[in-house]
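Please consult the sequence and structure shown here.

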Amino acid sequence: MLYREMGKTGEQVSILGFGCMRLPTIGMYRVDRNKAASILDYALDKGVNYLDTAYPYHGTSNSEGGDSEVFLGEYLQKKGCREEIYLSTKLPSWLVKERKDMDQFLEEQLKRLRTDYIDFYLLHSVKKNNWNTLEDLGVLEFLDSAMSEGRIRYIGFSSHDDNELFKNVLDSYLWDMCLIQYNYLDEEIQAGHDGLESAAKRGTGVAVMEPLKGGVLANHIPPEVREIWDKAPVHRTAPEWAFRFLWNHPQISTVLSGMNTMRQVVENVFTAEDGQPFSLTREETRIMEEVKKVYYEKILVECSSCGYCMPCPNGVNIPQCLSYLNQAAMLNDASNVKTQYHFMLKDTEKASRCAECGICEELCTQKLPIRDKLKMAREKFGR
Ligand code: SF4
Ligand code: SF4
């Protein structure tokens, strides 16, 4: 495993971090303890030392604590390795209504995680519509006092909002780190490359989420893209190209991957062994540009599967519907995708249940015209 400094903190974090929002489950929300523990065991044995979770991960909605923190607390206590890893979790900023909520959430999270301190505590999903309120409620003072009391060691924020908001937040405080969405298709959206550079110039460590764009860059690869990868002078899997693109950037300290199978962990750990900055050759960079071009021409909806638009009051599984729409758009033969759509989704989760209320569009981190895209899904896949 390779390690990089998390910005000016100087902490040596593994370049591959374990994102705990997609751990294997029993049913929809309960973490499968045995499977999750075995893939975490493997990752930790191979040197992964950064674990990222958040209050709502593996919860039934964004407004309640999910199972991810609870599982991690049990896991770390049982394994007795709390001191050896960097633990990151996040304040659910959208649930904060007053100053005392901040302390209450942190206390609850410490209990759930069975620890006295969080290494990297982030404001989760800072947005234009909550940043000013959080500041007015005293969030920066809360972070200072929690740090001076030793309940948190370092402070950061995550955001899916645009570059303007990202830089505004970045300038508002001496952040130790930030968490941004970044991958080879997202250099110009959200914080983007400009945001990455700005953070690095300030000495703010950068952790990256959505390295595979919600799986789009790993699954259902379009034949045109497959052909480009196959012709490349060096053989790599699609996820390997995506991770290598990220680790090529010296500004990135760690890349979080929401791994949920042993195969993914083994493959990503293997790739991380060689994730040096400035390691892509000119020819490899050209190949990636070619792939980007193909994708840009095909993707219909830039959905990252982040789930912030959920739950839909009518039960539509929005990210899944959009994912099937993208898969159909990227493949020459969409009949398989149609079959899968009807096989995998309950009738209540399909695009045809959309009542066009627009609530999801208000919440969408990518500002997507979800209603229009669901109409397209309905036309493509039927009811
Ligand atoms: S617009 Fe459709 S998908 Fe979005 S929240 Fe309303 S009913 Fe659900
Ligand atoms: S539609 Fe928007 S909010 Fe919902 S999962 Fe996709 S990107 Fe995230």
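The points below treat aromatic pairs, charges over rings and the ligand shell. The model is predicted: local features need pLDDT of at least 70, side-chain atom pairs count only at pLDDT 80 or more, and totals for chains, interfaces and linings use all residues. Side-chain values use heavy atoms, without hydrogens and water, and residues are numbered from 1 along each chain as its sequence is written.

**Aromatic pairs**
- The structure holds 17 aromatic pairs (ring centres of Phe, Tyr or the six-membered ring of Trp within 6.5 Å; planes under 30 degrees apart are stacked, over 60 edge-to-face, the rest tilted).
- Tyrosine 55 and phenylalanine 105 pair edge-to-face, at 5.1 Å centre to centre and 75 degrees between the planes.
- Because tyrosine 55 lies in the loop between strand S6 and helix H2 and phenylalanine 105 in helix H3, this pair ties together parts 50 residues apart in sequence (helices, H or I of at least four residues, and strands, E of at least two, are DSSP runs numbered from the N terminus).
- Tyrosine 55 is buried, with a relative accessible area of 6% (buried is under 20%, exposed over 50%, partly exposed in between; 1.4 Å probe, protein chains only).
- Phenylalanine 105 is likewise buried, at 11%.
- Ring pairs join Trp131, Phe157, Phe166, Tyr173 and Trp175 into a cluster.

**Charges over rings**
- Arginine 82 lies over the face of tyrosine 117, 4.1 Å from the ring centre (NZ of Lys or CZ of Arg within 6 Å of the centre and within 35 degrees of the ring normal).
- Arginine 236 lies over the face of tryptophan 241, at 4.7 Å from the ring centre.

**Ligand 1**
- Residues around ligand 1 include Cys312, Cys354, Glu356 and Arg371 (a heavy atom within 4 Å).

Methods
Chains are lettered from A and ligands numbered from 1 in the order in which they are written.
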